[in-house]
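Here are some exercises to work through with the model open in your viewer. Try each task before you read its solution.

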Amino acid sequence: MLPIAMAGGIIFHDIMDYLAVLSPYLIFIMLLITYCKVNPAEFRITRLSWMLLSVQIIGGIIIYLLLQPLGETLAQAGFICMFCPTATAAPVITGMLGGSVPRLATFSLVSNFSVAIMAPVLFTLIGAHGHSAELSFINVAALISLKVVPLILGPLAVAMAIKVTVPRFHKAIATRQGLSFYIWAVSLFIVVGKAVSYVIAHIGQPGASGTLMLSIAGISLIVCCLQFYIGRKIGYRYGDRIAGAQGLGQKNTVLAIWMALTFLNPVASIGPAAYVAWQNTINSLQLWFKAKKDAQHDDKSRLTNS
C-alpha cells in the first residue's frame with residue numbers, strides 16, 4: 001500500500017495544492033489514535049533522548065562544516081536534513097514497528113522544542129536570507145514553535161480528555177491502532193505529491209541547476225541513511241532500536257522545507273523535499289519486513305500448536 005501511495009502522489013502531484021490542507025488534520029488523528037494506547041506516566045526524558053538530540057544538533061553542524069567546501073547551498077541542504085526535528089507522525093510508525101511510543105513521543109517534544117530554541121542561533125551563524133534576517137530570536141522561536149507544538153501536544157491533550165470523560169470511547173480507539181496505518185498512507189500520498197510539485201516548480205530557477213539538485217538529493221539520501229543507522233545503534237545501546245532509528249531518521253520534512261525557504265537559501269529546501277522519498281521508502285521497507293516476520297512467526301505458532 002505504501003509504495004502505491006507514494007506512486008500515486010507522484011502521478012497526481014498537480015492536485016496536491018487542494019489536498020495539502022488535510023495533512024495537519026490527518027497527523028492529528030493519527031497521533032490521537034496512537035496516544036490513546038499509551039500511559040501518560042510513561043512519558044519521561046531519558047538518556048536516549050539526550051543522545052539522539054546531541055547527534056541531531058551537533059551532527060547538523062558537522063555536516064554543514066564538512067560540506068561547506070563543496071558549496072554553501074549543498075552545506076545548508078545537508079545541515080537542514082540533519083538538524084530538522086523528529087516528524088510529528090514518528091510515534092505512529094514507531095508503534096507500528098513495535099517500538100516504544102512514549103519514548104519516541106517524548107523525544108519528539110524534546111527535539112522540536114530544542115530546534116525552536118537553537119534554530120535562531122544557528123541560522124544567524126549560517127547566514128539568514130532575505131526578510132528573515134531581520135527577525136528577532138524570540139520571533140523565530142515563536143514561529144517554529146507555533147508550527148509544531150500544537151500538533152504534538154493537541155492530540156495528547158484530547159486523548160487524555162477522552163480517557164477521563166468517555167472511557168469506553170477511549171478504549172475503543174485504543175483497540176483500533178490499525179487505522180493509523182491507512183491514515184498515514186493517505187498522508188503519505190499528499191506529502192509525496194507536495195514534494196514532487198515543489199521540486200518540479202524549482203527546476204530551472206536561478207541557482208537550481210540540474211547537477212546541483214541531483215547533488216542535494218544525493219546528500220539528502222546519505223544523511224537519511226546515516227541517521228537511521230546511527231539512531232538504531234544508539235537505540236540498541238539504550239534498549240529500543242526502533243525508537244532510536246525513527247527518532248533520528250524520520251524527520252518533519254514539511255517544517256524543514258519551510259525553514260529552508262524562510263531562513264536559508266531557498267534552493268537548499270530541495271534537500272528535505274528529497275528526504276520525503278528516502279525516509280518513506282525506508283519506512284515502507286521496515287513495515288514490509290515487520291509484516292513478513294510477523295506472518296512467519298504466526299505460521300510457526302500454528303505448526304507448533306498443531
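**Exercise 1. Decide whether Lys-290 is buried or partly exposed, then find its salt-bridge partner.**

Solution. One thing to keep in mind throughout is that this is a predicted model.
- Step 1: Start with accessibility. Lys-290 has 25% relative accessibility, so it counts as partly exposed.
- Step 2: Look for the partner. Lys-290 pairs with Asp-294, and their closest N and O atoms sit 2.8 Å apart. The cut-off for a salt bridge is 4 Å, so the pair qualifies.
- Step 3: Check the partner's surroundings. Asp-294 is partly exposed too, at a relative accessible area of 34%.
- Step 4: In general, an α-helix has 3.6 residues a turn, so residues three or four places apart point the same way.
- Step 5: Count. The structure holds one salt bridge.

**Exercise 2. Stay in helix α14 and work out how far Trp-288 is from Met-1, in sequence and in space.**

Solution. 
- Step 1: Trp-288 is in helix α14, and its 48% relative accessibility makes it partly exposed.
- Step 2: Along the sequence, Trp-288 and Met-1 are 287 residues apart.
- Step 3: Go C-alpha to C-alpha in space, and the separation of Trp-288 and Met-1 is 9.8 Å.

**Exercise 3. Explain why Cys-224 and Cys-225 form no disulfide.**

Solution. 
- Step 1: Get the sulfur distance. The closest cysteine sulfur to that of Cys-224 belongs to Cys-225, 5.5 Å away, which is too far for a bond. A disulfide needs the two sulfurs within 2.5 Å.
- Step 2: Run the check from the other side. For Cys-225, the nearest cysteine sulfur is that of Cys-224, again at 5.5 Å, and Cys-225 is in no disulfide.
- Step 3: Cys-224 is buried, at 0% relative accessibility, whereas Cys-225 is partly exposed, with a relative accessible area of 39%.
- Step 4: Total up. There are zero disulfides in the structure.

**Exercise 4. Say how many residues of helix α5 are buried, and set its length against the expected span.**

Solution. 
- Step 1: Helix α5 covers residues 72–83, twelve residues in total.
- Step 2: From first C-alpha to last, α5 reaches 16 Å, close to the 16 Å expected at 1.5 Å a residue.
- Step 3: Eleven of the twelve residues in α5 are buried, so the "under 20%" cut-off marks this helix as mostly covered. Among them are Leu-74, Gly-78, Cys-81 and Met-82.

**Exercise 5. Find which residues touch the most other members of the largest nonpolar core, and which element gives the most to it.**

Solution. 
- Step 1: The core has 55 residues, and those touching the most other members are Phe-79, Ile-80, Phe-83, Phe-123, Ile-144 and Met-259.
- Step 2: List the contributors. Elements giving two or more residues to this core include α4 (47–67), α5, α8 (137–165) and α14 (270–305).
- Step 3: Pick the top one. Helix α7 gives the most, with nine residues.
- Step 4: Tie this back to Exercise 4. Phe-79, Ile-80 and Phe-83 are also among the buried residues of α5.

**Exercise 6. Name the residues of helix α6 that are buried, and the residue that follows the helix.**

Solution. 
- Step 1: Helix α6 (residues 90–97) is mostly covered, with seven of its eight residues buried.
- Step 2: The buried ones are Ala-90, Pro-91, Val-92, Ile-93, Thr-94, Met-96 and Leu-97.
- Step 3: Next in the chain after α6 comes Gly-98, and its phi is positive, near 95°.

Methods. Residues are numbered from 1 along each chain as its sequence is written. This is a predicted model: local features need pLDDT of at least 70, side-chain atom pairs count only at pLDDT 80 or more; totals for chains, interfaces and linings use all residues. Side-chain values use heavy atoms; hydrogens and water are left out. Buried means under 20% relative accessible area, exposed over 50%, partly exposed in between (1.4 Å probe, protein chains only). Helices (H or I, at least four residues) and strands (E, at least two) are DSSP runs, numbered from the N terminus. The expected span of a helix is 1.5 Å times one less than its number of residues. A nonpolar core is a set of buried Ala, Val, Leu, Ile, Met, Phe, Trp, Tyr and Cys residues joined through side-chain atoms within 4.5 Å. A salt bridge is a side-chain nitrogen of Lys or Arg within 4 Å of a carboxyl oxygen of Asp or Glu.
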